Each structure stands twice: as C-alpha cells, then as structure tokens.
Amino acid sequence: MAKKNKKLKALWADFKKFITRGNVLDMAVGVIIGGAFNAIVNSVVKILMSVVTWAVPGGINGLITVLPAVNDTQRGVVGQMFSSADLNDKVIEYATKNGVENLTVSSTEFVGWKNSLLSLYTLHGDKYSYNLSAVIDWGAFINAVISFLIIAATLFVIVKVAAAVRKKNEEFKAAALERYYQAHPEERPAPVDPEKPKPTEAELLTAILLELQKQNAPVEEPKPAEEPVKEEKKEEKPAEEKPAEEKPVEEKPAEEKPAETPEEK
C-alpha cells in the first residue's frame, strides 16, 4: 500500500511539473485567444458574405447544391428538396402518406406531424433538403476559405511587426553596448577568430559512409614477420696442404778418425 501511494505521489508530482511548465501555459493561452479570435473572424466573414449574397434567397446558407438522388433512400418521404413556403403542404402530404386524412394547419395534430417531418430535413437558406441526400455546401466552403485568408493575413502582420520590433531592440542594444565600449575600451573583448566553415550535408554523409566502410571491412590477420633470409655461407674448403718439400739431407762430412798411433797398432 505504501509503495502504491509513493507511485501516486510521484505521478502527481510529474503531472504538476508538466502543467506548470512555461510553454504549456503559453500554449493554453494561445489556444484560448485563438478560439476567441476565430469566433470574431467567423462573425466578420458572415457579415461580409451576407452583404455579398444579399440577393441570394437565404443568404450564404442558401448557397448549396443538392446532388440528384441515385436510389429511393435519397429521394425523401415528400421529395428530395422543397421550399420553406411549401412546408405546410408537405406536412399534410406527409401525414396523408402515413394514413392521416383531413389534416389541416389548425388541427391539434399538425404541430406533431410538422416536427416529425422537420427531423428528416435540414434547412439551407429558404430550402429544406433531405438529410440522406448528398449536398454540396458552397457557403460553408467560401466561409472557411475567407476565414483562413483573414487569419493568415492577421498572423502575417503580427509576425512581421514582432520581427521588426525585435530587430529594433537588438539594434538599440548593440548601439548602447558600442557606446559603452567606446567609453571603456579596456573592457572590449578581444576579437574572436572566425570559425571554420561548417561541413556541408554531403560532406557529413560522405564521412559517415567512409567510417561505416572502415568498420564493416574484414579484419586482415596479421602476417607473421618474415625472417630475414640468411645468406648461406659457403663452406670454405680447407686449403689442401701441400706436401712439405723434402729438404735435401745435408751429408755430414765423415768424421775423420784420428790417425792411429804406433801404440795402438
């Protein structure tokens, strides 16, 4: 239960925060003023159209076209359309079709039959048309078009005046700020370098496309580093040992034996 109450309090807090937002209140005020302004415009248009359609029976509401009936449902009980001057005769005809004879305007039942008939027809100007008939209401269309043009022109003037007032206000502030900087040049901010031109939409799309292509490209497996080819050293054959040259044996001179003495002999 406590958890449910906590959720309700949080929901109420969110709703309260929503309805007290500035833009919501501004929108509500705009809707109310717009509705009141729309009523004024419709009244003005009706006055203008009444003057323009002075000669048309029923004024602007009489500008209708009843399309021909294509089946029995659209033909009506006493006709598809009739004039308001023929209403009493149509009431008597309607009562006669329903089995009531000798009905007159002074009869007590006449009002009931009249109301019953009028519930099936709609008055457009000075003519009644059957409710199930296809009707083109030119008066309502012209009224809507003129109302739209008046509202659009009014909003255009309001927007232009507001833009002019805003521009004048900005120019006044800029002039006042410039006068202040002229009186206090030490407080003038340093000029800011112009920003780089922003990329166009085409350039942004091209950059995004290139980035996606890079991300979707298959990852290449790193190749093992190639070991440097070692040059095979040619095995140097040991130099053939030349047979040592035989040195000539020096003949040692024969040792001279000492001469034998006569004693040895």
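S129 touches V66, Q80, M81, L120, Y121, T122, H124 and V135, when residues up to four places away in sequence are left out of the list, and a contact here means heavy atoms within 4.5 Å. The model is a predicted one, in which local features need pLDDT of at least 70 and side-chain atom pairs count only at pLDDT 80 or more, while totals for chains, interfaces and linings use all residues. Residues are numbered from 1 along each chain as its sequence is written, and side-chain values use heavy atoms, with hydrogens and water left out.

S129 belongs to strand β4, which covers residues 127–130; helices (H or I, at least four residues) and strands (E, at least two) are DSSP runs that are numbered from the N terminus. With a relative accessible area of 2%, S129 is buried, a word used for residues under 20% relative accessible area, whereas exposed stands for over 50% and partly exposed for what lies in between (1.4 Å probe, protein chains only). The side chain of S129 also makes a polar contact with the side chain of H124, at 3.4 Å. A polar contact is a pair of N or O atoms within 3.5 Å; within protein, one must be able to donate a hydrogen and the other to accept it, and residues adjacent in sequence count only if both atoms are side-chain atoms.

From this one residue we can turn to the whole chain. The protein has seven helices and five strands, and their order along the sequence is α-α-β-α-β-α-α-β-β-β-α-α. It has 265 residues, of which 12% count as buried. Among contacts between residues at least 6 apart in sequence, 58% join residues at least 24 apart. The accessible surface comes to about 23,600 Å², and 61% of this surface belongs to carbon and sulfur atoms; such areas come from the Shrake-Rupley method with a 1.4 Å probe, and for residues only the protein chains shown count as cover.

Aromatic rings come next. A pair of aromatic rings is described by the distance of the centres and the angle of the planes. Rings of Phe, Tyr and Trp (its six-membered ring) pair if their centres lie within 6.5 Å, and planes under 30 degrees apart count as stacked, those over 60 as edge-to-face and the rest as tilted. Searching the whole structure gives five aromatic pairs. One of them joins F82 and Y128, whose rings are stacked, with 5.3 Å from centre to centre and 25° between the planes. F82 lies in strand β2 (residues 81–83) and Y128 in strand β4, so this pair ties together parts that are 46 residues apart in sequence. Both F82 and Y128 are buried, and together with Y121 and Y130 they form one aromatic cluster.

Helix α6 (residues 138–183) gives the largest share of the nonpolar patch, five residues. W138 lies in this helix and is partly exposed, with a relative accessible area of 41%.

What remains is charge. Side chains of opposite charge can pair when their charged atoms come close. A salt bridge is a side-chain nitrogen of Lys or Arg within 4 Å of a carboxyl oxygen of Asp or Glu, and by this rule the count comes to four salt bridges. D72 and R75 meet in one of them, at 2.5 Å from N to O; both lie in helix α3 (residues 72–75), three residues apart, or about one turn of the helix. D72 is exposed, with a relative accessible area of 62%, whereas R75 is partly exposed at 41%.

E93 forms a salt bridge with K90, and their closest N and O atoms are 3.7 Å apart. Another salt bridge links E178 with R188, where the closest N and O atoms are 3.2 Å apart. E178 lies in helix α6 and R188 in the loop between α6 and α7 (201–216), so the pair ties together parts that are 10 residues apart in sequence. Salt bridges that share partners also join K90, E93 and K97 into one network.
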